[in-house]
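Here's a quick briefing to read with the model open beside you.

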There are 2 protein chains.
Amino acid sequence: MKETWATSAGLDLHLEVSGAGVRRGLEAALREAVRGGRLAAGTALPSSRALAQDLGVARNTVVDAYGQLVAEGWLAARHGSGTWVAERTHQPAAAPADRPAEGAQAVRYDLRPGVPDVSAFPRTAWLAAARRALATAPATSLSYTDPRGLPPLREALAGYLARARGVAVTPDRVVVCAGYAQALELLGQVLRTRGASRLAIEGFGLPAHWRIITGSGLALSPLAVDAGGARTSDLASEAAAVLTPAHQFPLGVALEPRRRREVVDWAAGTGGLVIEDDYDGEFRYDRQAVGALQSLAPERVAYAGTASKSLAPGLRLGWLVLPGRLVGEVVAAKQAAGRLSSSLDQLTLAEFIGSGGYDRQVRRARIGYRRRRDRLVAELARRAPQVRVTGIAAGLHALVVLPPGADEHAVVAEGARRGLALQGLADFSAGAQPHDPAVIVGYATPPGHQFSTAVARLCAVLREVT
Amino acid sequence: MKETWATSAGLDLHLEVSGAGVRRGLEAALREAVRGGRLAAGTALPSSRALAQDLGVARNTVVDAYGQLVAEGWLAARHGSGTWVAERTHQPAAAPADRPAEGAQAVRYDLRPGVPDVSAFPRTAWLAAARRALATAPATSLSYTDPRGLPPLREALAGYLARARGVAVTPDRVVVCAGYAQALELLGQVLRTRGASRLAIEGFGLPAHWRIITGSGLALSPLAVDAGGARTSDLASEAAAVLTPAHQFPLGVALEPRRRREVVDWAAGTGGLVIEDDYDGEFRYDRQAVGALQSLAPERVAYAGTASKSLAPGLRLGWLVLPGRLVGEVVAAKQAAGRLSSSLDQLTLAEFIGSGGYDRQVRRARIGYRRRRDRLVAELARRAPQVRVTGIAAGLHALVVLPPGADEHAVVAEGARRGLALQGLADFSAGAQPHDPAVIVGYATPPGHQFSTAVARLCAVLREVT
């Protein structure tokens with residue numbers, strides 16, 4: 001074999017004869033060369049034409065292989081500047097502040113909860129919506145705009161939330177936010193200004209959210225969580241209660257009907273506010289999703305939703321539907337710090353919802369995630385029968401309870417050794433409630449082609465350690 | 001004239017025979033009908049085909065007129081949903097928190113400072129950049145991403161800022177922000193956490209920025225500003241000084257070379273931080289722009305820039321170039337509250353800069369704004385010779401100093417009566433320094449076709465009142 005760029009770069013090429021085989025072989029060789037460090041970050045790759053000639057394969061084969069590796073994040077490319085080995089310091093996709101700082105190279109399969117399959121983001125449909133939106137948007141929408149969010153988006157969201165989540169909403173109650181994190185920050189600030197000192201949270205949840213609340217100067221009262229959701233009977237004189245009624249994060253249970261009623265009664269009786277974090281309410285698999293708690297008491301509940309699970313966290317778009325008395329204060333807090341959201345993304349999302357693209361995307365994702373969940377449950381039952389999947393058939397993650405005495409940290413560590421990123425339930429505990437050892441499996445994150453391997457490795461890890 | 005939709009809607013149509021005349025007449029009639037309230041917000045307009053038939057004009061004439069009025073914000077349109085009268089509650093374009101809540105209908109010509117000509121936003125080039133960026137972006141860039149900003153954007157900005165503004169910068173010192181407001185909020189938070197209690201500001205500036213600083217728990221020390229910029233010799237034990245060295249806002253002077261040196265020496269001697277707000281540094285008309293102060297002392301200066309003036313405020317994209325010791329803390333503050341920026345806009349801006357589109361846009365805008373400034377200065381000299389334009393030939397606004405004894409509030413009020421939005425210098429004063437009566441004229445904001453009329457009205461107002 002003559003010396004080519006490929007062999008000089010240390011690519012170990014075993015190319016099969018058929019087109020798909022050649023491409024897969026080339027992909028695998030390039031992937032391994034990057035992962036192993038033989039191709040360092042920033043290294044320019046030869047043009048597809050040059051490499052194709054070098055290897056004696058069709059140019060499209062190289063173009064396709066490069067494209068796949070760009071999609072996987074191993075390579076980067078820019079129109080007119082060729083293709084190079086990507087920086088991998090910002091990978092894997094990390095939920096802010098809550099993901100361990102593992103060596104990125106080590107993580108091949110990410111099963112931590114909180115991130116959807118971003119490789120399925122509808123890029124073409126989104127760009128088409130952006131084009132339509134920009135074709136007709138008035139120039140003023142590109143200036144400093146209404147801090148509540150652009151009117152077309154608030155109208156589109158009001159329509160969607162009423163229809164899909166049963167939210168009692170008019171556009172003037174909607175405030176667009178840079179994701180749920182900003183929504184929570186704004187509410188915390190407003191509550192603190194109103195004299196609040198303590199918020200109830202669920203005893204299992206996302207520490208990043210708790211830090212946002214304490215960052216506003218508020219103390220936390222964790223509520224115990226059981227199979228019926230948060231124990232709302234323990235609510236007392238807190239100024240507000242932050243709940244995930246549709247699908248408790250991370251335990252995966254739904255708030256039982258009696259408690260839905262109970263929390264609303266508590267709010268009415270004490271003047272407390274319910275903050276409903278409906279982060280993945282669109283994704284229910286076994287039956288029609290329960291509507292938002294907010295509709296029971298629109299003047300007592302601040303409803304929060306997000307595009308981070310249904311589309312992509314990178315959009316940084318979320319929304320609040322607020323009781324009338326809070327709209328002004330939340331908007332003032334948002335405006336005071338100049339915390340507006342991107343007009344272009346707002347206009348595009350409005351158009352995407354209005355044209356039906358959002359519903360189509362949610363439907364498509366729901367089918368895909370449901371299949372993944374079924375597959376996960378089936379594989380675990382078959383290959384790691386000692387564990388139990390609990391919680392309702394919904395959302396983007398499942399709680400996998402380990403047998404008594406098993407060590408969830410050992411599972412996480414063994415997973416890491418095999419390139420699998422996992423998180424144990426302890427990472428999500430406010431510390432007030434003992435719990436069985438468990439791992440939270442975010443089954444939506446890996447791109448589709450990695451999912452089977454990720455589940456197989458998970459089963460192997462569980463067989464090994466539990 | 002038979003009854004048509006146009007006449008029934010109360011449109012007073014005097015259509016000339018030539019094509020352009022017909023279009024202009026139709027535009028004017030529709031504009032007046034919306035402004036006067038005869039066509040209420042939300043009213044659906046007939047299809048262009050139907051109205052063209054109705055009026056006996058070419059369909060393209062109607063299409064063009066609708067398009068123009070959509071661009072001006074009077075009408076709204078969505079692909080497939082026709083054209084209707086726009087909601088105007090969020091107009092005119094308002095800088096956050098600093099713009100009077102005038103009846104939007106009253107403002108026809110906006111000469112308040114702070115907003116570029118958003119009607120000149122390069123929509124087509126931006127969409128093309130978005131398409132190229134999304135074609136190659138790894139899926140992980142749509143997930144939760146590096147809180148410093150996406151690597152391609154930090155690289156592109158580092159290259160651009162070094163080249164165009166002489167900033168001493170590497171990509172790891174760049175932190176992408178949601179505009180300057182967020183940059184200032186983050187710096188205020190970090191300084192407060194480090195124990196700072198007081199920041200020096202320029203005695204004339206933007207009250208919204210001062211509120212962001214005081215919102216972080218910091219007190220303000222206003223520095224006097226004269227023809228040489230802020231009097232940096234008055235700097236004492238403040239923890240930081242926020243300056244606009246290239247083009248003082250709003251007085252329009254440049255910080256003189258001796259003071260540039262002085263402020264850097266102050267920072268080195270006291271350990272203070274200089275926050276350089278380079279909001280419109282790209283726009284200098286009489287000679288090559290002075291480079292960023294930051295290059296004199298990169299470890300003492302936090303440089304802040306923004307796309308709000310060069311492209312559009314609605315993008316909500318700005319950037320910091322930080323001393324090494326501050327990067328970690330600023331990023332931690334940004335991450336703690338989940339304050340990331342939109343991935344799509346970040347990727348698009350990176351591509352836009354990398355492909356040369358950003359430079360082209362800045363060049364084009366610079367030529368246009370320079371012409372406007374020359375025109376404004378010439379018209380004022382000719383038609384209101386009692387006023388003086390001071391400050392350097394730069395940026396998007398000019399200080400128009402009124403004759404002694406004139407009342408700037410009367411000028412603002414008379415402007416409002418004639419549909420002209422103006423702001424007096426008093427609106428931008430921290431109160432510590434007396435000043436001659438003056439108005440700040442933001443000459444970049446009106447769309448090009450309104451500029452002549454806006455200037456003519458300004459001259460008429462000044463003739464009338466001063």
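When two parts are said to be in contact here, they have heavy atoms within 4.5 Å of each other. Keep in mind that you're looking at a predicted model. Searching the whole structure turns up 44 salt bridges over all chains, and a few of them are picked out below.

**The Asp117–Arg372 pair in chain A**

- The side chains of A:Asp117 and A:Arg372 come together in a salt bridge, at 3.1 Å from N to O.
- A:Asp117 sits in the loop between strand 3 (109–110) and helix 5 (123–136) of chain A, while A:Arg372 belongs to helix 12 (residues 357–383) of chain A, so this pair ties together parts that are 255 residues apart in sequence.
- Are these two buried or exposed? Both A:Asp117 and A:Arg372 are buried.

**The pair with those numbers in chain B**

- Over in chain B, B:Arg372 and B:Asp117 meet through their side chains in a salt bridge of 3.1 Å, N to O.
- This one links distant parts of the chain, 255 residues apart: B:Arg372 is in helix 12 (residues 357–383) of chain B, and B:Asp117 is in the loop between strand 3 (109–110) and helix 5 (123–136) of chain B.
- B:Arg372 has a relative accessible area of 9%, so it counts as buried, with the cut-off set at under 20%.
- B:Asp117 is buried too, at 8%.

- A:Arg259 lies in helix 9 (residues 257–270) of chain A and A:Asp226 in strand 7 (residues 225–226) of chain A, so the pair ties together parts 33 residues apart in sequence.
- A:Arg259 is buried, with a relative accessible area of 8%, whereas A:Asp226 is partly exposed, with 27%.
- The pair also belongs to a network of salt bridges that links A:Asp226, A:Glu256, A:Arg258, A:Arg259 and A:Glu262.

**Helix 8 of chain B**

- Which residues of helix 8 (residues 207–215) of chain B are buried? They are B:Pro207, B:Ala208, B:His209, B:Trp210, B:Ile212 and B:Ile213.
- What do the buried residues of this helix pack against? In chain A, it's helix 10 (324–336). In chain B, they pack against helix 7 (179–193), strand 5 (198–202), strand 6 (219–223), strand 9 (240–243) and strand 10 (273–277).
- Just after helix 8 of chain B comes B:Gly217, which takes a positive phi of about 90 degrees.

Notes: Residues numbered from 1 in each chain as written. Chains lettered and ligands numbered in written order. Predicted model: local features only at pLDDT ≥ 70, side-chain atom pairs only at ≥ 80, totals over all residues. Heavy atoms only, no water. Salt bridge = Lys/Arg side-chain N within 4 Å of Asp/Glu carboxyl O. Helix = DSSP H or I, 4+ residues; strand = E, 2+ residues; numbered from the N terminus. Buried < 20%, exposed > 50% of the residue type's maximum accessible area, 1.4 Å probe, protein only.
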